[in-house]
Amino acid sequence: MSEQKQPSRIAVLTSGGDAPGMNAALRAVVLAAEHYGLEVIAFKHGYQGLLENDWMPMRAADVQHILQYSGTIIKSARCARFKEVEAAQEAAAVLNQHHIDGLVVIGGDGSFRGAEHLANHWQGQIIGVPGTIDNDLFGTDATIGFTTAVAIAMDALDKIRDTADAMDRIFIVEVMGRHAGFIGLNSGVAAGAERMILPELQKDKPLTIEAIVKHIERVKVVRGDGSYVMVLSEHQWPGGAVALAEQLEAQHGLPCRPCLLGHIQRGGAPAPADRIIASELGVHAVELILQGQSRVMAGLQANQLVAIPLVDTWTKKNPLNANLLRISQDIFNPVKKPSNKH
């Protein structure tokens with residue numbers, strides 16, 4: 001068996017929805033590559049830039065002081081055309097034109113599907129780095145951007161609680177996470193929300209407007225007048241937070257206001273945890289290339305660096321924290337009767 005050729009030139013791109021900490025991951029990739037004597041180029045605007053051959057050289061001086069910024073200095077984008085065989089073949093030709101040995105893709109499940117698709121038409125090494133606020137990739141304890149998104153949502157919930165208390169109002173705060181309720185659960189517990197409507201819970205037993213009203217009324221009986229804050233993961237109620245608020249007020253006379261956090265959850269300076277995990281995983285991605293690995297994601301499990309097959313990251317699912325769910329639904333639920341069981 002012939003020895004594998006040592007890589008000398010790698011490429012990096014950020015793809016899909018941006019996440020706080022992507023810049024920190026990019027910085028780590030470039031600094032690690034330079035440390036190991038590898039050249040680096042970056043393709044701008046994700047796979048779209050790869051198809052358009054829109055690239056730039058990346059050196060330590062270009063990334064040295066970017067880890068405190070959100071977004072991504074090499075831009076990101078979604079590219080529907082990349083699902084086509086011809087697109088992957090075009091991308092492979094561009095990578096070969098630049099004599100690229102390995103490609104680092106920083107993004108979420110859609111980006112990793114694109115990376116796996118590309119791997120079927122290109123002989124170089126491909127490593128994924130999990131950059132998504134949704135925390136929905138199997139094989140890593142946290143994704144880059146998740147901690148910051150939770151902190152932003154929690155801060156908004158805290159501020160909303162102040163005005164909700166002052167007016168004895170119900171507030172519905174809509175957060176991101178249409179397929180995974182990690183942001184909703186963690187921000188809701190951190191801010192003491194009375195109810196969380198999450199995709200995982202909706203799948204098993206969808207809430208009805210009657211059940212929501214009943215819970216709100218029971219909370220009022222137990223605690224008296226006061227605020228009631230509900231966290232709603234996007235796409236978990238027809239029409240979203242606005243429609244649910246209108247139903248509660250118009251049909252049941254409950255004073256209710258919606259608040260859609262939207263893309264504010266993607267902005268702001270990355271939290272320390274996101275900067276640190278991005279730094280670890282960016283370096284790990286380069287070292288995986290040097291080890292000869294491909295079609296894997298650089299992950300972190302129980303403080304140990306791991307390499308997870310790209311296909312596993314979206315075909316397998318990380319469950320919500322069962323203990324957090326138990327605490328929020330039983331222990332912290334104001335209408336639950338006390339139990340003597342321990």
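Surface patches, as the term is used here, are built from residues with over 30% relative accessible area and no salt bridge, with like charges joined within 9 Å and nonpolar side chains (Val, Leu, Ile, Met, Phe, Trp, Tyr) within 5 Å. A salt bridge is a side-chain nitrogen of Lys or Arg within 4 Å of a carboxyl oxygen of Asp or Glu. Lys and Arg count as positive, Asp and Glu as negative, while His and the chain ends are not counted; each charge is placed at NZ of Lys, CZ of Arg, CG of Asp or CD of Glu. Areas come from the Shrake-Rupley method with a 1.4 Å probe, and for residues only the protein chains shown count as cover.

The model is a predicted one, so local features need pLDDT of at least 70 and side-chain atom pairs count only at pLDDT 80 or more, whereas totals for chains, interfaces and linings use all residues. Residues are numbered from 1 along each chain as its sequence is written, and side-chain values use heavy atoms, with hydrogens and water left out.

On to the overall picture. The protein chain has 13 helices and 11 strands, these being DSSP runs (helices H or I, at least four residues; strands E, at least two) numbered from the N terminus. Its radius of gyration, taken over C-alpha atoms, is 23 Å, close to the 20 Å that the globule rule (2.2 Å times the number of residues to the power 0.38) gives for 342 residues, so the chain is as compact as a globular protein of that length. Along the principal axes, the C-alpha atoms fill a box of roughly 75 × 40 × 35 Å. Of the 342 residues, 53% count as buried (under 20% relative accessible area; exposed is over 50%, and partly exposed lies in between).

Now the charges. K83, R113, K203 and K317 gather in a positive patch on the surface. One of these, K203, sits in helix 8 (residues 199-204) and is exposed at 73% relative accessibility. A negative surface patch brings together D158, D162, D165, D168 and D225. Here D158 belongs to helix 6 (residues 146-167) and is partly exposed, with a relative accessible area of 36%.

P319, in the loop between helix 12 (310-315) and helix 13 (322-331), is exposed at 65% relative accessibility. G128, by contrast, is buried at 1% and lies in strand 5 (residues 125-130). From G128 to Q202 the C-alpha distance is 30 Å, for a sequence separation of 74 residues.

Conventions
Buried < 20%, exposed > 50% of the residue type's maximum accessible area, 1.4 Å probe, protein only.
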